[in-house]
Amino acid sequence: MRVLVAEDDAASKLLLRTMLTKWGYEVAVATDGLAARDALFADDAPRLAILDWMMPGMDGPQVCRAVRKRDGQNYTYVILLTAKSSKQDMVEGMESGADDYLTKPFDPSELRVRIRAGERLLDLHSELLSMRESLVRQATHDTLTGLPNRLLFADRLSQSLAHARRYKHSLAVMFLDLDRFKLINDSLGHGAGDELLKQVAERLKGRLKDADTVARMGGDEFTIILTGVSSVSEVAEAARAVSSALADVFWVENREIFASASLGISIYPGHGDDAETLVRNADAAMYQAKENGGNTFLVYAESFNSRAVERMTLDNNLRRAVEGEEFELHYQPQVDLFTGQTLGAEALIRWRCPNVGLIAPTDFIPLAEENGLIWPISGWVLRTACAQRKAWHDAGLPPFQVSVNISPRVFVQQDLLSSVTQALEETGLPGELLNVEITESALMHNVESASALLGKLKDLGVKISLDDFGTGYSSLAQLKHYPFDSVKIDQSFIKDIAVNPDDAAITGAIIAMGHSLKLTVVAEGVETLEQLRFLQKLGCDQMQGYFVSRPVPADGFPELLSQTYPAAPLRMAA
């Protein structure tokens, strides 16, 4: 530790310097009050000072008062050394800001004890400062990523706005939300999710200017302040840079993870004059970007706010719908491509909202996936479909399977085996009359656990289909790891199969490889006779789509079974 000795008497100064050096301290010397003040105002000022009361230029108490007015420097422990010994002198010295008071002549051992007491106090002061800094950082920074949190972001945005108003500059606010982050969190665990968030934070920081701010608002949401922007094109370029930063593969727990984000942008002053409005409008633009499919950015438009209100209203209504079971199932037949025989029926949920009417699943299932309502909704679909199929079975309808879609979030997080077992037991439906449809995204992270779960479902007699094949990252070769009974070709490949050689080639390859794995191949979204004939030439087994029938309510499905259509048209097509 460095100790300042401020003493104009040469003998006293030499004595103090000799003792302190012997005790292991580094000693700095000042011969008057002005030199002592300057030494204590330096960047490397000593942490402890021994000041003589009577000195030229400034006396000891005056130096103390000056030191206590410093800003932004470490605390200095001050011992006043003087021949004055009255209580009044002692009070005056302590009121000037001194920490201790020692009269001349002094006992060296007493001085050493006083210095050690000062060291302990300085250590305690440093600990308190460190704790304070830590508490301030915890209050203003995200503990996971180290980025500014919501509180500090709001403060910096307010400062940036004040600067922009004063100098008539523009600034932009970006609101960023990772796409499909919940699926990563659910399938790989929160530890992997946290690691991904930390890597995302590092990449975002690396793409911004020093004057800009990136903050984590919570969950997988980040906000960015771009200062001094001159045009919308400049902001768009920054948004593209952010998207590009996330495009490269992430490595999390020795796994490749591909991430993307939806970005919403608002620009001051055109999209708001205050922080709250700018953030709200950027958030609205982000949600619109997500609804457009994600992995893109949008600049705010006034229409987005009305959509945000609609979204909030939809969320509230959906929660009431779950409580009141305002849902119903429609059934779409799956038929043999050559005989026209109905071999299955896919149960498709509809929401009959009292205020709106019938709402398609594409308009509310993504929201249910996001807000967690997918679990009670999925349970209701499973129980209702099993009960309806059992009712048809008891009514003597021909044998066919009822198919139920399983959400990726439900598959990876909820006890699906228990849910299926309970539904079969409660309804009395034989397991072989139930088919569960799993999408690729539910299987992509843990082959062993997914395969084991599907195997246990097979033990119940349940059939298993891979749904929407071709839209994910898996390959047909990976199907051998799972006990699938069938694979469903996504309708995006069927739409232009008769006119697009690439779609035809992909579909043909899926059918051939599916058959090599002894899987039944089902084409989704068949709407025309031309598509049907093409699929027959490729050897596809079954189909589903509007060419056969739109999804119909439960009471209308038995009529489809009794009709000769679509068997006759299919035979004619063959």
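A: What follows describes one helix pair, and then two further places in the chain.

The model is a predicted one, and in it helix α6, which covers residues 150-167, packs with helix α10, residues 275-291, at an angle of about 115°, the two axes being 10 Å apart. Because angles of 65 to 115 degrees count as roughly perpendicular, α6 is described as roughly perpendicular to α10. The crossing in which α6 passes α10 is right-handed. On the side of α6 the contact is made by Phe153, Leu157 and Leu161, while α10 contributes Ala275, Leu278 and Val279. If these residues of the contact between α6 and α10 are sorted by kind, six are nonpolar, and none is polar or charged. As background, an α-helix has 3.6 residues a turn, so residues three or four places apart point the same way.

With a relative accessible area of 17%, Thr140 counts as buried, because the cut-off is under 20%. A polar atom of the Thr140 side chain lies 2.8 Å from the backbone oxygen of Val136, and, leaving aside residues up to four places away in sequence, Thr140 touches Pro148, Asn149, Leu151 and Leu152.

Finally, helix α7, residues 181-188, is mostly covered, with seven of its eight residues buried; among them are Phe181, Leu183, Ile184 and Asp186. After α7 comes Gly189, whose phi is positive, near 100°.

Terms used. Residues numbered from 1 in each chain as written. Predicted model: local features only at pLDDT ≥ 70, side-chain atom pairs only at ≥ 80, totals over all residues. Heavy atoms only, no water. Axes fitted to C-alpha atoms, helices over the stretch in contact; angles between N-to-C directions. Helix = DSSP H or I, 4+ residues; strand = E, 2+ residues; numbered from the N terminus. Parallel < 35°, antiparallel > 145°, perpendicular 65-115°, else oblique. Left-handed = near helix turned anticlockwise from the far one by under 90°. Contact = heavy atoms within 4.5 Å. Nonpolar A, V, L, I, M, F, W, Y, C, P; charged D, E, K, R; others polar. Buried < 20%, exposed > 50% of the residue type's maximum accessible area, 1.4 Å probe, protein only. Polar contact = N/O pair within 3.5 Å; in protein donor to acceptor, adjacent residues only side chain to side chain.
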